[in-house]
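Trainee: I have a model open and want to learn how to read it. Can we go feature by feature?

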Amino acid sequence: MTDHPKLLVVKDLRTTFATPSGPLPAVGGVSFELGTNETLGIVGESGSGKTVLSRTIMGLQPRRNVEVTGSVLLKGFEVVGASEKEKRSIWGLEVAMIFQDPMTSLNPVMRIGKQIDEILRVRQGMDRRAAKARAVELLELVGIPSPAERYGVFPRELSGGMRQRVVIATALAGSPQLLMADEPTTGLDVTIQAQILNLLDSVKEQMKMSVVLVTHDLGVVATRTSRIIVMYAGRIVEIGSTREVFRRHRMPYTRALLDAIPKVSNPSHSRLVAIPGRPPNLLDLPTGCAFAPRCAYATDICRVQRPRLEPAEESGHAFACWNPLPVAEGALT
Ligand SMILES: Nc1ncnc2c1ncn2[C@@H]1O[C@H](COP(=O)(O)OP(=O)(O)O)[C@@H](O)[C@H]1O
Ligand SMILES: [Mg+2]
């Protein structure tokens, strides 16, 4: 593969599921780029298309009842339309993905060390001894205590946090340049969450990877990403540097997401805060802005014409909104 200044270039990506009730556009035309050694956050409420987008970028879709159009260039490799065989050449080696539930990524009946081993032998062509030594090294890297002894345990013998560490070690086995992490800490308690996120930060530095951190919780990406994509109804509605998105966001939906960040003072209670109104029905999206029915600032134009994602400044900050919040109002106090 040739050397590309941009690790990932996504252009007008669309993922549409054929459902009994009609076509469901889960990803409705997404474009963005990602450089090397960058951490990008993808945020949005549940159902906004984050997981489908991530899986489409990886080339992981159900075989049937789905149509993908547009382009995903990963180091110059076109993922859209590639065969399983071609995609297997990048999975694990160029790009790896970790999911919310570690049990879906781990084989419950295989010792954890062997699972890492297998990747090293099959994908990296290591011999048995080298693979075992490297597997123990990776377990140590992700903070598993006594890695040589833990090598032989089964996933069920570990806590949720430890299992997610093993999943990260598995993802790192192929030395990927891009790690996609879909809600990697959702469901873990707050302390373990921070530990796993810190671990991702440190392995990113050590392995010189780019990381895409997908989460419904803007609090998670606040200090750990350089750029943020905000998704609603399968589209990007705001994109910018993390600083811009937090301090000068213009899209009322972004503000609503920020208001929904669990407060440290009362995390369990405030986690219940949701954005008022009903999430959009993707089978019957409104003609105008998909957020308009829930938006306090919506006017007539919002209901009839969909706003485009317009770059506001040279900084790359862009938002799709007819009635953006004034900059001063968008600033967090
Ligand atoms: N295999 C599928 N078939 C039909 N619809 C799907 C499928 N997978 C996801 N969806 C729909 O796509 C939308 C986006 O889902 P998802 O990407 O999982 O959201 P998020 O990760 O942001 O919570 C949802 O409306 C979901 O119901
Ligand atoms: Mg999801």
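Trainee: Which residues point one way from β8, and which the other way?

Mentor: Ser210, Val212 and Val214 point one way, and Val211, Leu213 and Thr215 the other. All are buried. Buried means under 20% relative accessible area, exposed over 50%, and partly exposed in between, with a 1.4 Å probe and protein chains only. So strand β8 (residues 210-215) is mostly covered, with 6 of its 6 residues buried. Strands (E, at least two residues) and helices (H or I, at least four) are DSSP runs numbered from the N terminus.

Trainee: What should I know about the model itself?

Mentor: This is a predicted model: local features need pLDDT of at least 70, side-chain atom pairs count only at pLDDT 80 or more, and totals for chains, interfaces and linings use all residues. Residues are numbered from 1 along each chain as its sequence is written, chains are lettered from A and ligands numbered from 1 in the order written, and side-chain values use heavy atoms, without hydrogens and water.

Trainee: Which strands pair with β8?

Mentor: Two strands pair if DSSP finds at least two bridges between them. Strand β3 (residues 39-43) runs parallel to β8, joined by 5 bridges. There, valine 43 stands opposite threonine 215. Strand β7 (residues 178-182) also pairs with β8 in the parallel sense, over 5 bridges. Methionine 180 has valine 212 as its bridge partner in β8.

Trainee: In what order do the strands of the open sheet run?

Mentor: The order is β2-β1-β4-β5, with antiparallel pairing. β2 (22-35) and β5 (77-78) stand at the edges with a single partner strand each, so one side of each has no neighbour in the sheet. Strands β1 (residues 6-19) and β4 (residues 66-74) are joined by 8 bridges. Threonine 16 stands opposite glutamate 67 in β4.

Trainee: How do I read a helix pair, say α7 and α8?

Mentor: Start with the axes, which are lines fitted to C-alpha atoms over the stretch in contact; angles run from 0 to 180 degrees between N-to-C directions. The axes of α7 (residues 160-172) and α8 (residues 190-207) come within 10 Å and cross at roughly 15 degrees. That makes the two helices roughly parallel; angles under 35 degrees count as such, over 145 as roughly antiparallel, 65 to 115 as roughly perpendicular and the rest as oblique. Contact means heavy atoms within 4.5 Å. Residues making the contact include Ile168 and Leu172 of α7 and Leu199 and Val203 of α8.

Trainee: Is arginine 243 buried or exposed?

Mentor: Arginine 243 counts as exposed, at 58% relative accessibility. This residue sits in helix α10 (residues 242-247).
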